[in-house]
Amino acid sequence: MGGWSPQSATNAYLDTLKLRGSQGKKNQPCRCQKLEGTEFISALAAGMSAKLIVEVSNKVSPSTIALAAAARQTGGRLVCILPESKTLAKSKQVVKEYGLKDMVEFKVGDPTEVLSHYENIDFSLIDCKTDDYTRLLKMLDVNPRKSVVVANNLEGERKGLGGDLRRIKGKGTVRSIKHPIGEGMEVTMIGSSDEFETRDKGGGGTPPVEIRGRVKKTGKSKWVKKVDEQSGEEHIYRVKVPNSL
């Protein structure tokens with residue numbers, strides 16, 4: 001994977017908006033997650049050029065549609081792991097009606113078994129309503145150079161990784177902690193900050209640092225990423241844009 005691609009992030013962001021806008025007509029069960037978080041993960045996965053995207057969820061969700069949209073931008077694939085076969089037919093139907101069937105590969109079975117077959121994952125999302133979600137988070141075999149892990153639906157006393165990725169030991173260093181995006185979502189970035197930055201023809205680069213991000217909610221907006229040169233912190237904002245844009 002190369003550096004950060006603003007164009008891919010923007011395309012995935014807009015594609016997700018379009019798909020979400022069409023859900024009323026399709027009457028699909030994808031309304032439970034806040035739009036801001038869905039936009040964000042789609043733009044993030046596409047912007048980092050993720051090729052292997054893995055999701056563990058009980059059924060198709062807004063995150064599934066968002067990640068499939070990202071895969072469409074990167075030329076990658078989304079592997080959606082479903083614990084029970086009874087949700088497979090409906091999940092396939094939903095993805096097909098969104099025009100994303102070629103982007104998604106469904107796997108049914110014990111997530112701990114299925115997940116063990118995937119390594120160097122670029123982008124992963126674990127629905128924390130899934131049984132044994134803590135074990136799933138910690139057993140992820142992520143791409144040590146650059147990867148993202150999303151813990152979704154962290155409700156009540158449920159906790160995410162908090163920067164603890166044991167499978168990365170011996171392969172690389174976890175240089176990031178967590179991103180609070182809206183309610184119940186934690187994002188952990190693995191890799192040096194320059195791996196998530198736009199490539200600059202002028203050369204140079206930012207040394208490996210911890211990455212911390214914050215999102216501000218607004219009305220009609222776009223994502224803006226800024227890195228504090230002194231602290232090394234990365235801030236991701238949603239800022240208002242004119243209606244003409």
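Which residue with a positive phi follows α5? Gly99 follows α5, with a phi near 75°. This is a predicted model, in which local features need pLDDT of at least 70, side-chain atom pairs count only at pLDDT 80 or more, and totals for chains, interfaces and linings use all residues. Residues are numbered from 1 along each chain as its sequence is written, and side-chain values use heavy atoms, with hydrogens and water left out.

**Overall**
- The protein has seven helices and nine strands, taken as DSSP runs (helices H or I, at least four residues; strands E, at least two) and numbered from the N terminus.
- Of its 245 residues, 51% count as buried, meaning under 20% relative accessible area, with exposed over 50% and partly exposed in between (1.4 Å probe, protein chains only).

**Helix α5 (residues 88-97)**
- Ser91, Val94 and Val95 are the buried residues of α5.
- These residues lie on the same side of α5, because they cover an arc of only 95° around the axis; the arc is taken over the directions from the helix axis to the C-beta atoms.
- An α-helix has 3.6 residues a turn, so residues three or four places apart point the same way.
- Ala89 and Lys96, on the other side of α5, are exposed.
- The cover over the buried residues of α5 includes α4 (62-74), β2 (77-82) and β3 (104-108).

**Helix α4**
- In α4, 11 of the 13 residues are buried, so the helix is largely enclosed by the rest of the structure.
- Among the buried residues of α4 are Pro62, Ile65, Leu67 and Thr74.

Key:
Contact = heavy atoms within 4.5 Å.
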